[in-house]
Every structure is written in structure tokens, then in C-alpha cells.
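Welcome! Here is a short tour of a structure that may be new to you. Take a look at it first, and then we can go through some details together.

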Amino acid sequence: MGLQNTSYVYSIILALLFAISAGLIGSFSLMKRMLLAGDVVSHLALPGLGIALLLGINPLLGATATLMFGTVAIWDIQRQTGLATENIIGVVFAASLAIGACVTPKEDLVDALFGNFAPITLLSFLAGIVAVLFITLSLFRLKHGLVMTLFSEDLAIVTGVKLDAQNLYFLFLFSLTVLVGLRFMGTLLAASLIILPAAIARRFTNKMGNFFYDSSLISLACIIGGLIVTHWVFPKYGLGPITVLLASAAFMASVFSKRS
Amino acid sequence: MESSSISFPASSSLTTETRVLLSVKDLSVKFGEREVIHGLSCELRRGETLAVIGSNGSGKTVFLRALLGLLSCSGTIRWDESVTIGYVPQRVSLDRELPLRARDLLDAKARFLKYPRREIDHVAEVIGLSKALLDAPVSELSGGQFQKVLIAFALLGHPSVLLFDEPTTSLDGFSERQLYELLRKLKHLQHTSLIWVTHDLGIVSAYASRVLYLNPTGSRFGMPQDLLGEDVIEQLRSEPHHALGGR
């Protein structure tokens, strides 16, 4: 296997692992009613990507910096001011897109927004694997506190859950998931694979364990479908848009199948 | 917290029977300019039942939330270090459409605090929650059934102090009597202490060893026979929620 092919295999494996962690974090996000809030978090990466491209450094480093800084800023503003989530989201969404559009070189803007399935280095692959493992293990560790919080924040606090720390940790995991998927899906679409599979899975189960499992499987199926379609059917189109189209079609199918 | 302190000091030299589990001194809670609780002091000893009574808006729920550290307040709230707390809130605004079952809540607490999971079935049995109810989606539980889940959640892990905020509001008569019987047993067998917000003066006279009466003009703390005088009963009689019948 040539070096180029090996790098593609790295990309495929990482895309599949991203899908699994996206499904998991999506199911928790849906229950916490923060799917759209999370979607906006992904846009925080755009200014960082743009600045890194301008400076000629690794775009993911720039994306990581603004994503993590923005995540902490949102958490802190909300904690200190008690502002409604949608107020902060509205401002962050608009400002991030505007800054990103200004600083990102025109020729790179489409890839930054919609992703580009390209070979990756062994180092990027290993970093991605570590991130996915960290996300998955952290979610299982946080699960019990998160479940109590879903029932009642007060009950969770009285039981010993550190609510502020838990919220920040969860936002951080969400941002990390976005970061792993950024290269494949772009800043505009990365969170779609977190949102759509969870929304589909919710239509078919009332049990929390099944919900996590189904959400991850659907996410995995969508990205496998996206890889197949972009490789053999529509090679001109990017993995991000095709995967999101497949996931959207699956959601519509779930709506109509349940109705019928 | 504003200028309050909530602490868990070292054990005192008091015997277990007389050990003070909770000491509240000069507690005040303000929402903006409105002071809901002013200069409140009281205490709770092991095995005691403290009934918190008062008219609507007098700060009963606020008092419980302050004890739990869920509100900013000033004054001193001192819990004994041995205390473990079980809490039943007045209501929980749960999204019933979530894919959750009652067992998920109890399981989460058991795993979070590393209690054996067999305790879940034991507590459920004691409180009268069948396995079918434990495994039913929360969307299918009635208000009373969900209230039982919250009570089971509070009882899980054998807490030494239970804080109940009008826990029988959604319960039917049978379940209500079952709960009182259970609490009586817990008190006798495990010396569980109880802080109970209630509108039912029958319950107060039957179960309470201390009473905290919250009133806009000031709070009063004492023994039921000393505190439940004509003036207090007269003031509470005007409240539509108060049941004055004995039990």
C-alpha cells in the first residue's frame, strides 16, 4: 500500500470514529436541549482556521485555539450574566461567521466551511484517535451526573454533581468532537453529524441505552454512505455535504415511516 | 453565597442521641430588594423531625434551598460532618419526552455515589414502586408515581437527614399513609432526621418534634406544643392550602 493510500485509510478510520463519537455526544446534546447551541460552537472554529491559513500555520491549530477560547467564553458569559442561551448564540454565530469570512483567504473559504476529505498524516491520525477515545471515555464517566442533571439540576447538585464544571466539561467534549470532524465536514457542517443522527434515533427508542447505541450507529451509517457516494457516485462533491444530505434524507424517512 | 458559610465541622463531643446535625444562625435570604427570610436561627438534632410551616410565599422552599446551598444567602448554616442528605423537591420540571426511565435516575445516583445497585430494588419495594413502573418511560408515569420516584431517589443510600418539600402533594391517600409509616420506621430504626415543609397541621402535631414557623413579620422556632398556639393556627387558617384536621 502506497503512502498516499495509507494516509487515505487513516482519514477513513478517523472519519468513522468521529461518526461514533458524534452520535454519542449528539444523544446527550439532544437530551440537554443544546443541539443548536452546539451547532453554533462549531462556527467558532472559522476565525481560527482563517487566521491560521493567513499565517501559513496548521489550520487545525488555529481552529482549536478559537474553538476552545470561544467555548470557555460562552460558558463563562452565561454563568456570570445568566443571559438566555439563544442571545449568546445569536451574537457568537454572526460574529464568528463575519470574522471568519473576512480573514479566510477566498480560495480556502469553501473548504473551511464545508470540509475536504483528504489524506492525513500519521500524527494527525493518532491525535484524532486519542481525542475520540477521550471523548467516549469522558462521556461514560460523566453519564451519571448528566442523567441526574436531566431530571433536576437541584437533585444533581445535592447529590454532589459540580454543575458548572460538568457543563464546561461537556461543552469542551462537544468542541473536541467538532474539531475531530472539522477536516471532513467543515465548520458549517461539522455539528450536523452530531445533530441529525441523534434526532433520528430519538424517533425510534424510549430507552436511554438504546438511544446512545442507535445514534452512534446511524451516524456511522451516514458517514459510510457519504464515503461510498462521494467515491463511486458523485466524486465531484465533498464528503460533508453528501453525508449531511444522506442524514437529512434518513431523518425525513424516519418522520414519514413513523407517521405511516 | 453572599456572606454566608455552609460548613461541615469536625464531630462534636455530644452523644449521638443529642448530636446537633444542623445549626442555622441568623440566616437571611434576599431576592433583589425583597428579603424573604430575615435573621432565622434554628437547629436540628439526630432523630428529630422539624416541620416547616407558614403561609404561601413565607419562604419555606427558599429555606430548604438555602440549607442545601442552592441559593445565595447570608448567615451561618452548619451541617455535622456525618450528615448525608436526601432531598425531595416540591416539583421537578422534567421534560417528559426524554428517553428516560425512573430506573435511569436511581441507577445514576447509585453509580455516582458507588452504592450497590441492589439498593435500587430495595428502595423501590419499600416505597411501593413496581419493577414495571421503574422500567416505564417517564412520559408514562403519573404525577404521584413520579413523586414516588423522587422519594425513592432521596431514600437511596440511607441518608441521615431527609429534606421534604411538600412531598405528598401528588400522592393518593394510601401512598401518603404508606410514606408516613415508612418515615416513622426510618426514624425509629435508623434515627433518621427529617425537615418537612408542609401545610398540614395534622401532620405537624402527629410527627414533628420541632416546628419552624415562617412569617413575614419574623420566624419562630420551638416545640409544637409551645408554638402552635391560637395565634399561629388562626393565621394559618386563612390559608386555603392548610389542612387543620388531626391524624
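This is a predicted model: local features need pLDDT of at least 70, side-chain atom pairs count only at pLDDT 80 or more; totals for chains, interfaces and linings use all residues.

Let us begin with Glu166(B), which is buried (under 20% relative accessible area, 1.4 Å probe, protein chains only).

Residues are numbered from 1 along each chain, chains are lettered from A in the order in which they are written, and side-chain values use heavy atoms, without hydrogens and water.

Glu166(B) sits in the loop between strand E7 (161-165) and helix H6 (173-190) of chain B. Beyond neighbours within four places in sequence, its contacts (heavy atoms within 4.5 Å) include Val197(B), Thr198(B) and His199(B).

Two side-chain pairs can be set next to each other:

| Pair | Kind | Distance |
|---|---|---|
| Glu166(B) and Gln90(B) | polar contact (N or O atoms within 3.5 Å, one able to donate a hydrogen and the other to accept it) | 3.2 Å |
| Arg65(B) and Asp154(A) | salt bridge | 2.2 Å |

Now for the meeting of the two chains. Here 22 residues of chain A are in contact with 26 residues of chain B. In chain A, Phe151(A), Leu155(A) and Val158(A) lose the most area to chain B. Across this interface the rule finds two salt bridges.

Terms used. Buried area is the accessible area (1.4 Å probe) that two parts lose on being put together, summed over both. A salt bridge is a side-chain nitrogen of Lys or Arg within 4 Å of a carboxyl oxygen of Asp or Glu. Helices (H or I, at least four residues) and strands (E, at least two) are DSSP runs, numbered from the N terminus. Buried means under 20% relative accessible area, exposed over 50%, partly exposed in between (1.4 Å probe, protein chains only). Lys and Arg count as positive and Asp and Glu as negative; His and the chain ends are not counted. A polar contact is a pair of N or O atoms within 3.5 Å; within protein, one must be able to donate a hydrogen and the other to accept it, and residues adjacent in sequence count only if both atoms are side-chain atoms.
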